[in-house]
Amino acid sequence: MTAVCVVEEDLEDLKQLVPDLRFDDEERREALLENSTKDFNAVPGSGKTSLLAAKLLLLAKKWPHSRKGICILSHTNIAREELTRRLVASAEGSRLLTYPHFIGTIHGFINQFLAMAALRNLGIKVDVIDDEIFARRAWSLANSYRFSKLRYWIRNQRNGETLVSKLFYKGAKLEVLSDGGTLPRAHTGSYKQLVELKNMLANEGLFRHRDMFAFAELALAEQPHLLDVIYRRFPMVFIDEMQDTSWEQEDILNRLFDDRSIVQRFGDIDQQIISGDPDAEKRTFPRAGHGTISTSKRFGGRIAEAVESVRGSQLPVIGEADDIYRPTLILYKTAEISQVLFRFGELVLDRFPDPEISEGAVKAMCARRSGQGNVDPGRHMVDYWPAFDQANKTSVKDSIRNLISTQHDLHDQPTLTKRASDVQRAILLILRAAKAPVSEGLRDGRSLIRAVREKGGNTLQLQKLIHELTLHSIPLVSVDDWISFAAKVYEDLSDLLPNGLTVEEFTALDLFSHFEGKEQVKNSDLPTFCTVKSSDRELRYNLGTVASMKGETHLASLVLESYGGTSRRFDLQMALPFIAGIQKDFGKLKSTQQAQMRNLYVAMSRPRELLCLAANQSRVEDNTIDALVGKGWVIDRLS
């Protein structure tokens with residue numbers, strides 16, 4: 001037996017290994033003591049990642065093998081970093097960060113153990129795996145004279161750019177498809193040129209993330225012994241955020257580990273809001289007999305009751321934290337929609353002192369960014385905040401601001417690797433704007449240092465700049481901010497800039513241009529922030545989509561109603577009777593409406609203390625309002 005078991009006596013070690021955490025309840029103890037293959041479905045704020053880290057610490061302390069390890073997979077780098085922070089705090093946990101163990105994303109695992117083996121056999125050297133970089137390069141190439149038939153076909157497609165930008169390989173035969181829609185038939189000249197374009201980029205070493213799963217399939221087809229190699233290396237496997245795993249990803253993991261290794265998967269099926277997987281119905285999480293973690297340490301009973309009411313699985317949600325503020329429904333008339341975000345800010349300022357409402361603690365979200373619909377406003381974020389439309393239209397200058405100066409709250413910290421990658425991308429954009437020779441033909445900022453070295457340049461100042469900008473976020477709001485930033489960059493990159501380019505010419509680039517004579521951009525004019533002033537106090541908080549805030553924890557959250565383009569229903573109009581306890585039958589909802597409820601489940605489970613919803617009062621029945629009041633809700637009418 002190569003796996004290791006956790007027994008009752010081991011739990012005593014948690015007092016020393018994780019003194020700040022408690023796992024006294026039956027559900028969490030069951031998860032810690034489970035030693036066979038099993039899924040665990042956990043509510044938002046249950047601390048499942050911390051629970052998984054605690055279990056791994058117990059296993060690490062007893063692990064006897066020098067060439068067999070534990071495989072720990074997550075869907076995102078954020079989840080991986082959270083696990084790593086827990087593990088690195090102890091000598092036992094630190095062992096899991098080195099051979100023979102593996103801790104990383106599913107993509108990273110597939111790349112390292114399968115895809116790269118296939119690519120090496122094909123003699124292909126990988127330069128970049130990045131969807132955005134691939135999209136730009138593919139679209140540029142598609143418009144070249146080399147692809148005349150393809151250019152003609154593109155002109156007759158309403159979404160030609162999307163089709164080309166989202167080409168990917170599928171399966172072991174490396175069939176060329178597109179996430180953007182249906183491609184022409186295989187015998188046509190336009191399809192043959194799409195294949196030629198995709199293969200040309202592959203030979204340059206440029207891929208999309210999804211391509212790696214096709215090369216993994218190819219590796220398994222050509223080297224089936226890899227199945228034995230991998231499962232023998234990893235007798236125990238743990239997967240976090242399983243609900244976000246696509247069938248393409250799950251299928252490979254199932255073939256690698258099912259009926260071989262002990263596999264424990266953690267997630268929350270009701271938080272599955274990523275759409276677009278054509279094989280979604282094949283996914284198996286959570287399997288029959290799964291464990292549950294129904295208590296949330298994030299919020300109290302009132303928020304828990306509201307969250308449970310929109311949970312599609314109808315499993316319980318129990319709040320363990322103290323109830324502090326009653327949930328609030330903001331009702332607005334159509335003409336008052338522009339005041340909703342400001343009213344929420346006033347409610348927050350009324351309830352919380354300044355130290356508690358620091359950056360990232362308060363946020364407002366909507367399921368949709370923008371869109372159409374011949375219905376009264378309240379359809380999407382742009383209806384509430386018209387400036388939000390500019391968040392979709394990113395200039396080079398905006399890109400640099402986002403890459404360099406974006407602030408993150410404690411629950412949404414990028415990894416240092418991601419942060420450094422963003423900084424390198426920003427510096428490459430600046431060098432391109434200045435027509436620096438080193439930027440010619442360079443597609444990825446992560447290759448910048450290597451490119452300088454290959455040209456015989458000195459990378460000392462460049463590395464210093466990258467290091468400084470990675471560790472310290474620079475505000476780029478006022479004119480003075482941009483001028484100071486431009487001067488610093490010019491000084492640090494002077495060796496890489498064209499000969500004769502003066503600091504005056506450099507700072508005069510459109511990249512650093514002033515804001516049309518304004519002395520300063522007001523926070524309230526920024527597309528993803530709202531600033532609210534009350535008396536002598538001020539609150540500046542973030543706006544975004546539900547998907548962009550998934551996984552975060554807030555002090556206070558506002559959930560704005562939205563219109564489902566496919567369901568033809570407003571989400572809160574549909575959900576409020578469930579929240580009020582008037583309706584309970586999820587079976588009557590269409591699949592598109594159930595998807596809207598999952599978005600609400602994610603959104604409503606973000607706050608620790610204050611949950612606010614906002615809906616057009618014309619879409620809320622009086623009996624629903626009365627029932628909400630009976631459940632302790634505050635009804636706040638703008639008028």
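Which helix holds N254? In this predicted model, N254 sits in helix α13, which covers residues 247–257. The residue is buried, with a relative accessible area of 13%. Setting aside residues up to four places away in sequence, N254 touches W247, R265 and R287. With R287 the link is a polar contact between the two side chains, at 3.5 Å. T284 is 30 residues away from N254 along the chain, and their C-alpha atoms are 9.9 Å apart.

**The parallel sheet**

Now for strand β2, residues 70–74. Five of its five residues are buried. In a regular strand, side chains alternate between the two faces of the sheet. Here I70, I72 and S74 point one way from β2, while C71 and L73 point the other way, and all are buried. On one pairing, β2 runs parallel to β8 (residues 236–239), joined by four bridges, with M236 as the bridge partner of I70. On another, β2 pairs with β3 (residues 102–105) in the parallel sense, again over four bridges, and L73 stands opposite G104.

**The mixed sheet**

Another open sheet has seven strands, ordered β15-β16-β14-β17-β20-β13-β21, and its pairing is mixed. Its edge strands are β15 (529–534) and β21 (634–637), each pairing on one side only. Neighbouring strands in this sheet are turned by 25° against each other on average, direction ignored. Within the sheet, β17 (residues 554–560) and β20 (residues 607–616) run parallel and are joined by six bridges. L560 has A614 as its bridge partner in β20. Helix α23 (residues 571–579) lies across β13 (328–332), β17 and β20, and runs at about 125° to β20.

Nonpolar side chains tend to be buried together in soluble globular proteins. In this model the largest nonpolar core has 58 residues, and F109 and L114 touch the most other members. Apart from that core lies another one, of 37 residues, including I303, V307, L331 and L628. Which residues does F109 contact, leaving aside its neighbours within four places in sequence? They are C71, L73, F102, L114, I230, F234, L256 and F257. Two of those names, C71 and L73, came up above as residues pointing the same way from β2.

**A buried aspartate**

D211 lies in helix α11 (residues 211–222). Is D211 buried or exposed? D211 is buried, with a relative accessible area of 0%. Its side chain reaches the backbone nitrogen of Y169 at 2.8 Å. Leaving out neighbours within four places in sequence, D211 is in contact with L167, F168, Y169 and K198.

**Cysteines**

| Residue | Relative accessible area |
|---|---|
| N254 | 13% |
| D211 | 0% |
| C366 | 1% |
| C530 | 0% |

Each residue in the table counts as buried, since the limit is under 20% relative accessible area.

Key
Residues are numbered from 1 along each chain as its sequence is written. This is a predicted model: local features need pLDDT of at least 70, side-chain atom pairs count only at pLDDT 80 or more; totals for chains, interfaces and linings use all residues. Side-chain values use heavy atoms; hydrogens and water are left out. Helices (H or I, at least four residues) and strands (E, at least two) are DSSP runs, numbered from the N terminus. Buried means under 20% relative accessible area, exposed over 50%, partly exposed in between (1.4 Å probe, protein chains only). Contact means heavy atoms within 4.5 Å. A polar contact is a pair of N or O atoms within 3.5 Å; within protein, one must be able to donate a hydrogen and the other to accept it, and residues adjacent in sequence count only if both atoms are side-chain atoms. A nonpolar core is a set of buried Ala, Val, Leu, Ile, Met, Phe, Trp, Tyr and Cys residues joined through side-chain atoms within 4.5 Å. Two strands pair if DSSP finds at least two bridges between them. Axes are lines fitted to C-alpha atoms, for helices over the stretch in contact, and angles run from 0 to 180 degrees between N-to-C directions.
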